[in-house]
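Please look through the sequence and the model shown here before reading on. The briefing that follows takes up a few selected features, grouped by topic.

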Amino acid sequence: MVRRSILFFVFILFASLSYSQIYDPVTWEFGYEKKGGNQYELVFRANIEEGSHIYAMDIPEGGPIPTLFSVDSASVYSVIGKTYQVTKPEELYDEAFEMNIRTFSNTAEFRQKITGSQPQFTVTGTVNYMACNNKTCSPPKDVEFSIDIKGENKSQDASLISGDEEGTLSSKGLLSFFFWSFILGLVGVLTPCVYPMIPMTVAFFTRGSENRSKAILNALIFGLSIVLIYTSPGIIISLTGAGAGFANALSTHWIPNIIFFLLFVIFSVSFLGAFELVLPSKWANSADAKVDRGGMLASFFMALTTVIVSFSCTGPIVGGLLVEAARGDVLRPTVGMFAFGLAFAMPFTIFALFPAVLNKLPKSGGWLNSIKVVLAFLMLAFSLKFLVTVDSVYNLNFISRDVFLAIWIVLFSLLGLYLMGKIKFSHDSDLPHIGTFRLFLVIAVFSFVVYMIPGLFGSPLTALSSFMPSGNSELDLSKPVSVNVQTSAGQPGPVATSEQCQAPKYGDFLHMPLGLTGFFDYKQGLACAKEKGKPVFLDFKGHACANCKLMEAKVWSDPEVLRMLKEEFVIIALYMDDRTQLPESEWVTSSVDGKVKKTIGKVNEDLEISKFKTNSMPLYVITDYEGNPLNKPMPTNLNVEEYKAWLDEGIAAFNAKAH
């Protein structure tokens, strides 16, 4: 026992003295909670080291690896719905992925509902996750679990795991959504179906009423009723559509995304004047008939009549708002509709309380229909977001980055021409001249068009990255000159450039950033380096590695760094999260854990662990063409000067060794 303790201490000491270690800051605990009868909830809790984080289950397309759970199927139990996250995630902007990403720090709890057919049984499965800190990321990791269900409350870590209510959003996220929903409510007031109703509605509360206090009370009831009517659909959706599984289905499944796309298009066509979306007229007549009865109840039915009559203009806005709300947190529909109703009711209520202010309102006119048309163009543009989701999730590849940008450029160009009066729709008035405000809108729209055009030629357009499909432009002028090579079957294969020894293996689906060329197979890259007499630049990276993208954007893009990478090294990019299955002849039996590695990512991860005693991403290593390190490997380092000095050090060490 003493001997084992000494050996263990020596091992720990050796590990601590090495420049890095296996990065795995997460430990998992698995348990369950009995919910009554044969219903159970599996409980998964991640304990995360300080300074590190894992990602939420609902990560936007093109982001890092989300945390996902897979429960094995068995005859003794049935899985109900999808796994949902209980702990409140933190939503932050990630510079590397150029999008808002939800993460967990410290602890994270997830749950999965099941139904058992026996008093005792065992549930097995796997959790796949990725952990990162501000310098490094771990490759995606699978952790297997086995939970013994014994028909009573029991958690395998001896205590039930607690957490926040399912689906709670951060206060910052809800506040932002509340703000934009409020803005949409104000926009709804400025539509031709609603704006002219303000004087008529206010007159209802002021005519023939000598009792000022009663008039004020009726106006307040009218406003509160509008808020309640608009909030009700949000409450219903919140109550019936609760759960992260529901949100995930709306976000990723092709059926709801196609439905949402069609809804946005239909709403847009309606706003352009092709037809009107109206509720049955008997609804408005019935509500209006009850207004004549007077009293406080009349104020409610006046509000109901206002909402019904204005539906042809507010319906598309409300529909789009509910679509976006339902794709997120359980509270978003309620919060969003409350904010919309509050903004919509405010002008009516304020003018009813202070009727003299009505005289300062601008007259109704063609500008009201212009607001509808502008909204129509915006809805057409954002409808593409749903198609892009379907395209990316199901790998259909029919909406490329170029196609997306081309459509947006055309749509916003047409919007600019409309604002200039060059295009007219059926309900538009003549535009004898352009006002100052309209001129500034024209300038803003065409400035946006000019901003998008370089995206067709390779510009990253970081402000639009969360909307656009991932991938490069076919017109990218930064691409290196290349020639096609043929496979043994005579079909076009990976591209080989004049700077490379041969076509890179896996080059048909793995790519280098910033116009660089290199290899994706360790042995092939070493062979080319030996042939060219150059040092090797190993880049251990991942498709979903935030710090990898950050390093490429902030450091590799420096002209001198980029020149050195292009001219002085043979680059080997080793993706550690790629799940491409290798042929059996290329499987590797690990010397670290004895397991057989069957994918590109697992083979590269095992290479990094076995040679460099770490699995961090990114990790940059300069070696000779036999794979021997020439200087200390470099993790994430955003200091460009230090990075250039490190590259120079590696080149000098290689030259010294060669001579």
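How many of the 22 residues of α10 are buried? In this predicted model, 16 of the 22 residues of α10 are buried, so that the helix is mostly covered, where buried means under 20% relative accessible area, exposed means over 50%, and partly exposed lies in between, with a 1.4 Å probe and protein chains only. Because the model is predicted, local features need pLDDT of at least 70 and side-chain atom pairs count only at pLDDT 80 or more, while totals for chains, interfaces and linings use all residues. Residues are numbered from 1 along each chain as its sequence is written, and side-chain values use heavy atoms, with hydrogens and water left out.

**Helices**

- Helix α10 covers residues 332–353 and reaches 31 Å from its first C-alpha to its last, close to the 32 Å expected, the expected span being 1.5 Å times one less than the number of residues.
- Helices (H or I, at least four residues) and strands (E, at least two) are DSSP runs, numbered from the N terminus.
- A kink of about 35° lies at Met-346 in α10, shortly before the proline Pro-347, the bend being the angle between axes fitted to the seven residues ending at a residue and the seven starting there.
- Ile-236 belongs to helix α4, which spans residues 212–240, and with a relative accessibility of 53% Ile-236 counts as exposed.
- The C-alpha atom of Ile-236 is separated by 8.2 Å from that of Thr-334, although the two residues are 98 residues apart along the chain.

**Strands**

- Strand β16, residues 570–575, is mostly covered, with six of its six residues buried.
- In a regular strand the side chains alternate between the two faces of the sheet.
- From β16, Val-570, Ile-572 and Leu-574 point one way, whereas Ile-571, Ala-573 and Tyr-575 point the other way, and all are buried.
- Strand β15, residues 536–541, runs parallel to β16 and is joined to it by six bridges, where two strands pair if DSSP finds at least two bridges between them.
- Within this pairing, Val-536 stands opposite Val-570 in β16.

**Disulfide**

- The count comes to one disulfide, a disulfide being a pair of cysteine sulfur atoms within 2.5 Å.
- Cys-501 and Cys-528 form a disulfide with their sulfur atoms 2.1 Å apart, and with 80° about the S-S bond the link is right-handed.
- Cys-501 lies in the loop between β14 (492–496) and α14 (522–532) and Cys-528 in helix α14, so the pair ties together parts that are 27 residues apart in sequence.
- Cys-501 counts as partly exposed at 26% relative accessibility, whereas Cys-528 is buried, with a relative accessible area of 2%.
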